[in-house]
Amino acid sequence: MQNPSFGTAPEISRGVLYGLPLLATVLAYANALFNGFVLDDFHIIIENPDVLGDLSFLAVTERMGGTYYRPLGVFSFWIDYRVFGSFAGGFHLMSVLYHAG
């Protein structure tokens with residue numbers, strides 16, 4: 001008689017399969033939550049009139065505050081600024097969640 005567990009992989013729940021990569025991502029980037037803005041963050045977020053001002057279709061599709069054309073990025077920074085103000089940890093938290101998702 002053959003052992004029924006020999007040669008078969010253990011069952012792993014979907015929660016574990018999805019949770020482990022999520023946990024690994026959050027742990028890898030968690031240190032960012034306690035740091036401020038760096039390098040181009042000031043130009044792209046803090047000094048960007050498209051992020052600080054009223055959001056308009058023109059701002060998202062044409063101007064983009066500099067040389068970068070990132071409408072989704074500017075839109076997410078605009079939302080983050082409305083929620084967190086100029087608190088860098090909030091921006092970093094959302095970035096970690098975007099990457100983990």
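Helices in this description are DSSP runs of H or I with at least four residues, numbered from the N terminus. In the predicted model, the chain contains 6 helices and 0 strands, and, read along the sequence, its elements follow the pattern α-α-α-α-α-α. Of the 101 residues of the chain, 22% count as buried. Among the contacts in the chain with a separation of 6 or more, 56% are accounted for by residues 24 or more positions apart.

Helix α6, spanning residues 88-100, has 13 residues and reaches 18 Å from its first C-alpha to its last, which is close to the 18 Å expected at 1.5 Å a residue. The buried residues of α6 are A88, G89, G90, F91, H92, V96 and A100, and what covers them includes α1 (14-29), α2 (41-46) and α5.

The packing of α1 with α6 is described by an approach of the two axes to within 9 Å and a crossing at roughly 150°. Because angles over 145 degrees count as roughly antiparallel, α1 and α6 are roughly antiparallel to each other. The crossing in which α1 passes α6 is right-handed. On the α1 side the contact is formed by L22, T25, V26 and Y29, which meet V96, H99 and A100 in α6; by class, this contact has 5 nonpolar, 2 polar and no charged residues. Two of the α6 residues named here, V96 and A100, also belong to the buried set of that helix.

In helix α2, attention falls on D41, which has its place in that element. D41 is buried, with a relative accessible area of 17%, a value that meets the criterion for burial because buried means under 20%. Leaving aside the neighbours of D41 within four places in sequence, this residue is in contact with I46 and H92. H92 is itself listed among the buried residues of α6. The C-alpha atoms of D41 and A88 are separated by 9.3 Å, although the two residues lie 47 residues apart along the chain.

Helix α5, comprising residues 71-84, has 14 residues and reaches 20 Å from its first C-alpha to its last, close to the 20 Å expected at 1.5 Å a residue. The buried residues of α5 are V74, S76, W78 and D80, and they pack against α3 (49-52) and α6. After α5 comes G85, whose phi is positive, near 65°.

The axes of α5 and α6 come within 9 Å and cross at roughly 135°. That angle makes α5 oblique to α6, and the crossing of the two helices is right-handed. In this pairing, S76, F77, D80, Y81 and F84 of α5 meet G90, F91, M94 and Y98 of α6; by class, the contact has 6 nonpolar, 2 polar and 1 charged residues. S76 and D80, which take part in this contact, are among the buried residues of α5, while G90 and F91 are among the buried residues of α6.

Technical notes: Residues numbered from 1 in each chain as written. Predicted model: local features only at pLDDT ≥ 70, side-chain atom pairs only at ≥ 80, totals over all residues. Heavy atoms only, no water. Axes fitted to C-alpha atoms, helices over the stretch in contact; angles between N-to-C directions. Parallel < 35°, antiparallel > 145°, perpendicular 65-115°, else oblique. Left-handed = near helix turned anticlockwise from the far one by under 90°. Contact = heavy atoms within 4.5 Å. Nonpolar A, V, L, I, M, F, W, Y, C, P; charged D, E, K, R; others polar. Expected span 1.5 Å × (residues − 1). Buried < 20%, exposed > 50% of the residue type's maximum accessible area, 1.4 Å probe, protein only.
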